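Please prepare a short report on selected local features of the model shown here, covering backbone geometry, nonpolar cores and helix packing.

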Amino acid sequence: MRAPNTNLDPLLQPFRLKHLTLRNRVVSTSHEPAFGEDGLPKDRYRAYHVEKARGGVGLTMIGGSAVVSPDSPPSFGNLLLYRDEIVPWLRLLADDVHAAGAAVMCQVTHLGRRTSNYTGDWLPVVAASPLREPAHRAFPKAAEPWDLDRIVADYAAAAVRCKEGGLDGIELQSYGHFFDGFLSPATNHRDDQYGGDLEHRMAFPRRVIQAVREAVGPDFVVGIRMALDEALPGGLTFAEGLAAAQQFTADGIDFISAIRGTIESDASLSRTIPSMGTPLGPFLDFTGEIRRRLDIPVMHAARIADPATARHALREGLLDLVGMTRAQIADPHLVAKITAGEEDRIRPCVGASYCLDAIYDSGDTKCIHNPATGRELQIPHTVPATTGARRKAVVVGGGPAGLEAARVLAERGHDVVLFEAGDQAGGQIRLAAQNPRRQDLLGIVDWRVAECKHLGVDLRLGTYAEASDVLAEHPGLVVVATGGLPNRSFLAAGEGLVADTWDVMSGSLRPRAGKDVLIHDDHGGYPAMDAAELLAAHGARLEYVTPERTLAPDVGSMNSPAYIRAFTEHDVTVTLARRLRSVRRGEGGRLVATLFSEYTGTDTERVVDHVVVEHGTLPNDELYTDLLPASRNLGEVDHRALLAREAQTVVRNPAGSYQLFRIGDAVTSRNIHAAVYDALRLCLPV
């Protein structure tokens, strides 16, 4: 492809920020992937940011809320800027990022009430006023004058450590934390010199800014990521936020990263950091107004997921620096691909927000469909060509696991055939995307199909492969990615009377409005929630039943608000701690569902028109079983080699003519990330 004229692309234009010249306008804004070790940005953390620098980003920002004080214990893997030991690790990171051509800064904060009283050193959580934060549930004490003195000093000391670590600047955090807890009337109920009108509410934040500026000197870049309008009754208004920003600029702030909204609850967080099903760049007009009113550079990041939206923001003068953070979690080489004229090959951010939800679910950031993110020390983002012999590989199944296997094998240089029974690839992703709000998930499929075509994979859609079809290709490697089928076998009786979530999502079950539907979710993830949202929107009188003690525990805080909103709008009844045991036919052809409580040991019954169940899937492994006898490894996976990213060499049947593996839901019921990760690490050494 012809390389673009970089002189005309606003994304690729250099930008002067104080003394610092950024090579382009693209930023990976501050966020915390929770890749630190002992509160320090060690090798894994450094590799994650260096990859973005190698991928062309102009500025990468670390420490999505690196903390300045011990009474600000990490709540999501935060770095510990109050430790002197962090300085050499910052220096290593800064040196490597600089060597790759990018600048690097760190966000600095005191979490205030946005943490827990029951972690770290178990010091009392402090805030401007003793108001509980809904999301992290801590009850803080009102900060006393001596608290304020030491925290101001801690901010200044942390800023100096960042400077000593060779960073290009810092960014103060001012939305949802201690700093802005004083600024917002919603969280500042003080009656001393730090409470009351805006001038008094600005007093503590101004102390911090002035102390930081004095500590680091006039030449070090100091910015602020700030909510200028909390969009909250009784909260900080735009007029007050703008006035505060102007005052902060006079106190020494060099740039502003604009935020609209708050993050104190799941609902408000999901509006401030919008996910799929929401418009792209929803706050760009708001940011443009800030840029017109302030005399310092403005950056912004909120669902700017693609280059077209980013270019629009720059061309229209809505910002100076464009944050494409989640987009570069999906593809850290985004800028390099734009520069090389390969924009169509950028792995898309689909807005699933798994990167955020995974921190609380499994401990660190993960992209829903890029398993190399966060695993840079083990897995390359660019698949290298094999140095060995070219092999014939057959992949069966065109869901995310199969498509990824075909893509990786083709990148390695092998001759790949992919069989997919359906007329379109995608597997269960296509079912999930039947929820209109989640259609962007198809980007996971579309990108892989396009990559497979680019790499010459023989895609045979609408072809149901049997063992004879596979063997006719004379493969040396067979990867079975045939997925799973809905599991109804958990019922003691009535398996043939119930529907499953696939029936709902495929459209084969669409009850008439007003019909009574019971949906039983013993999965706790997205499938039942998608089906429930769809059924409720079509007018069903819906009762959602789960044996869990909470609603869909595997759906994180970034995604749950949209489902809960749908449940509320359509008056869905939620019943917790009840397990569906059986279903029978009752009077008038209706269904009688028996629900059991482990807590009381009793049964209750519901009479409904339809019962829909979600209990994960069972492997669709008939083809795998048929192919086993003639395989060399009899399906065995050497876990040691897999985890070491070494080739599989098991031989259980010397007479066998091919290696055979299964991946994704063809093994067991899991999620998209697991399916893609299965394929990548199995096929990368082939």
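Lys18 sits in the loop between β1 (15-17) and β2 (20-22), and its phi is near 60°, a positive value in a residue other than glycine. Helices (H or I, at least four residues) and strands (E, at least two) are DSSP runs numbered from the N terminus.

This is a predicted model, in which local features need pLDDT of at least 70 and side-chain atom pairs count only at pLDDT 80 or more, while totals for chains, interfaces and linings use all residues. Residues are numbered from 1 along each chain as its sequence is written, and side-chain values use heavy atoms, with hydrogens and water left out.

Arg303, which is not a glycine either, has a positive phi of about 55° and lies in the loop between β11 (298-300) and α10 (307-315); its relative accessibility is 8%, so Arg303 counts as buried.

Tyr82 is placed in the loop between β4 (59-67) and α2 and, at 24% relative accessibility, counts as partly exposed. Leaving aside residues up to four places away in sequence, Tyr82 touches Val67, Val68, Ser69, Pro70 and Arg161, contact meaning heavy atoms within 4.5 Å. Tyr82 and Val68 are 14 residues apart in sequence, and their C-alpha atoms are 5.0 Å apart in space.

In helix α20 (residues 560-569), the buried residues are Ser560, Pro561, Ala562, Tyr563, Ala566 and Phe567. These buried residues pack against α8 (266-272), α19 (526-537), β20 (541-545) and β21 (573-575).

## Nonpolar cores

A nonpolar core is a set of buried Ala, Val, Leu, Ile, Met, Phe, Trp, Tyr and Cys residues joined through side-chain atoms within 4.5 Å. The largest such core has 93 residues, and Leu172 and Phe248 are those with the most contacts inside it; helix α3 (residues 145-164) gives the most to this core, with eight residues. A second, separate core of 45 residues includes Val383, Leu409, Ala410 and Val449.

Not counting residues up to four places away in sequence, the residues touched by Leu172 include Val108, Tyr155, Phe179, Val208 and Ile253.

## Two helix pairs

The axes of helix α1 (residues 43-54) and helix α2 (residues 86-99) come within 9 Å and cross at roughly 20°, which makes α1 roughly parallel to α2. Axes are lines fitted to C-alpha atoms, for helices over the stretch in contact, and angles run from 0 to 180 degrees between N-to-C directions; angles under 35 degrees count as roughly parallel, over 145 as roughly antiparallel, 65 to 115 as roughly perpendicular and the rest as oblique. Asp43, Tyr45, Arg46, His49, Val50 and Ala53 in α1 meet Trp89, Leu92, Leu93, Asp96 and Val97 in α2.

For helix α7 (residues 238-251) and helix α9 (residues 284-293), the axes come within 11 Å and cross at roughly 40°, and the two helices are therefore oblique to each other. Their contact is made by Phe238, Leu242 and Gln246 of α7 together with Phe286, Glu289, Ile290 and Arg293 of α9.

Methods: Buried means under 20% relative accessible area, exposed over 50%, partly exposed in between (1.4 Å probe, protein chains only).
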